[in-house]
Amino acid sequence: MSQIPVELVKLLIALVAIAAFVGLNGLVLVYLERKVAGFVQRRPGPYEVGPQGLLQPLADAVKLIGKQLFTPSGSDKLLFWMAPILSFMPVLLLFLPIPFGPVATGMEMDLGLLLILAFAGLNVLAICLAGWGSNNKWGILGAARAVAQSVAYEIPLLLSVLAIAFMTGSLNLTTVVEGQGGWPWQWNVFLQPLAFIIYFISALGETNRAPFDLPEAESELTAGFHTEYSGMGFGMFFLAEYANMIVVCSVAAALFLGGWQGPFFDGAWWFLAKVYTLLLVMIWLRWTYPRVRFDQLLNINWKWLMPLALLNLFITAFVMKL
Amino acid sequence: MSVIKKIWDDVTSLWSLIVGLKVTGRNFIDKNVTLHYPRETVTFEQLEGFRGPLELIGKPKDPGKPKCIACMMCVTACPSKCITVLKAKAPKPTEAELQAMKEAEERGEKVKKPKAPKEPAKFLYDFSLCSLCGSCVENCPANALRYSSNVYLTVTDRKELKMDLLARLGAQAEASIAEKRAEKAAESPKNIEAETTEKEAGTES
């Protein structure tokens with residue numbers, strides 16, 4: 001009888017755990033987003049379904065699943081339905097190299113960071129397909145904007161991550177985490193504050209979060225690339241956006257905030273606490289700032305983030321050489 | 001130079017982002033202002049600034065009579081033409097008074113004809129047209145108009161939104177009088193009780 005490789009079993013378990021984690025986080029983040037939005041506007045947020053509206057995301061999910069899936073006439077059916085799947089599926093892969101805890105890593109690999117950055121780009125393709133396949137002018141405008149935005153914001157993001165890679169000499173996230181200490185002043189964010197800020201802003205742009213949510217700007221594009229999607233077609237994009245948020249925040253926590261290390265009791269809880277703090281900041285930003293105009297969006301990137309990221313990288317390289 | 005100044009301006013204006021976060025952050029911590037309506041009732045303080053349908057203000061000494069002087073300022077100011085005021089007409093002189101006036105005229109005296117009283121005979125208000133802009137309240141020289149505070153107003157027929165404000169004021173005045181009477185009635189047995197206990201205490205000592 002042939003042996004099943006242990007690695008394969010571990011990978012399978014990791015993928016199932018990640019799928020569960022992503023689904024659960026979708027529910028939690030939908031609730032959190034709506035509650036924060038409510039509190040910022042000094043109203044209660046979801047309140048009626050369950051105690052303090054706790055069951056509201058479940059009700060939303062049931063509604064989304066129950067809705068009819070509708071394909072617009074004259075659209076490319078294959079591309080149209082491939083887009084939401086393509087936007088959601090790679091997300092599971094993105095979680096694999098993330099070190100949640102000292103042992104809780106889906107698949108430890110030396111090129112973990114590279115894998116995340118490479119597969120994060122697939123989301124752009126998905127949005128592009130969605131816009132193109134919808135046979136809808138708003139959809140295609142949203143897709144065009146998404147591409148311009150993602151291409152632009154990926155560069156400073158990469159450059160700021162590269163600065164950390166230069167410092168630690170590794171693309172393995174576990175190694176990067178171990179290179180930092182438990183106390184806040186031992187984290188990379190204190191050595192690379194500029195890189196952290198650039199990374200965070202670019203991450204907002206990458207995940208199409210407000211104030212950079214131009215691909216789905218509902219005031220200009222009715223809903224952008226997902227105008228034509230109903231039910232779970234839309235739900236998949238939605239879930240993918242939240243999953244992407246968790247990925248970028250996890251990477252930020254691992255690279256800049258010491259990952260699963262804390263002052264005491266190292267473990268996954270420190271990691272999750274850091275990730276959720278960052279997510280909360282993201283949501284907070286969304287309900288604070290108005291959406292930027294498209295030229296402003298590109299100006300921020302090309303005129304500010306890019307030169308600053310380059311400068312930061314050069315300085316890092318120079319200091320490391322010394 | 002101007003380029004450097006522009007860059008510096010951009011950098012310093014980043015502070016406004018922090019200010020924005022401060023504002024929303026404070027709101028986040030602050031108490032909700034929303035009322036969970038069917039479970040909670042609206043308190044008096046929460047009604048501050050609420051604009052319900054218009055109502056007339058009564059005279060302080062005679063709450064059944066409006067302070068309104070029928071000057072028509074509210075009607076002129078109203079952009080939605082939802083207020084109708086009819087001035088009160090002069091009272092018709094009686095037979096004896098007419099006779100007296102004739103006689104006085106014949107004698108060559110100046111005759112004082114009865115003047116119309118400065119009050120409305122009718123004050124009609126169509127809430128279905130009103131936009132609650134407040135022009136009438138601002139323009140009223142006698143301060144005779146205000147917003148009511150009935151947040152629970154519901155009707156099933158559009159016609160019910162046509163209100164007779166004089167009748168409303170009368171009803172309110174009656175209600176307040178009845179309330180006062182009820183209060184007095186509620187208070188008085190207590191007074192009697194208190195007196196009797198005092199008396200008892202006095203006799204015991």
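Predicted model: local features only at pLDDT ≥ 70, side-chain atom pairs only at ≥ 80, totals over all residues.
On the side of chain B, 18 residues take part in the contact, and on the side of chain A, 14 residues do. How many salt bridges does the rule find across the interface of chain B and chain A? There is one. It joins the side chains of Glu48(A) and Arg39(B), with a distance of 2.7 Å from N to O.

Which elements give two or more residues to the side of chain B that touches chain A? They are α1, residues 2–12, and α2, residues 15–29, of chain B. The largest share comes from α2(B), with eight residues. Sorted by class, this side of chain B holds seven nonpolar residues, seven polar residues and four charged residues.

Between those two helices of chain B, in the loop from α1 to α2, one finds Ser13(B). Is Ser13(B) buried, partly exposed or exposed? Its relative accessible area is 42%, so Ser13(B) is classed as partly exposed. The side chain of Ser13(B) also reaches back to the backbone oxygen of Asp10(B), at 2.8 Å.

I turn now to the strands of chain B. Strand β2, residues 83–87, pairs with strand β3, residues 120–126, in the antiparallel sense over five bridges. Within this pairing, Val85(B) has Phe123(B) in β3(B) as its bridge partner. Strand β3(B) is also paired with strand β5, residues 162–164 of chain B, again antiparallel, here over three bridges.

Finally, a residue of chain A. Ile283(A) belongs to helix α12, which spans residues 268–286. Why does Ile283(A) count as buried? Because its relative accessibility is 0%, and the cut-off for buried is under 20%. Beyond its neighbours within four places in sequence, Ile283(A) is in contact with Leu29(A), Leu32(A), Glu33(A), Val36(A) and Arg209(A). The C-alpha atom of Ile283(A) is 8.5 Å from that of Ala210(A), a residue 73 positions away along the chain.

Definitions and conventions
Residues numbered from 1 in each chain as written. Chains lettered and ligands numbered in written order. Heavy atoms only, no water. Contact = heavy atoms within 4.5 Å. Salt bridge = Lys/Arg side-chain N within 4 Å of Asp/Glu carboxyl O. Helix = DSSP H or I, 4+ residues; strand = E, 2+ residues; numbered from the N terminus. Nonpolar A, V, L, I, M, F, W, Y, C, P; charged D, E, K, R; others polar. Pairing = 2+ DSSP bridges. Buried < 20%, exposed > 50% of the residue type's maximum accessible area, 1.4 Å probe, protein only. Polar contact = N/O pair within 3.5 Å; in protein donor to acceptor, adjacent residues only side chain to side chain.
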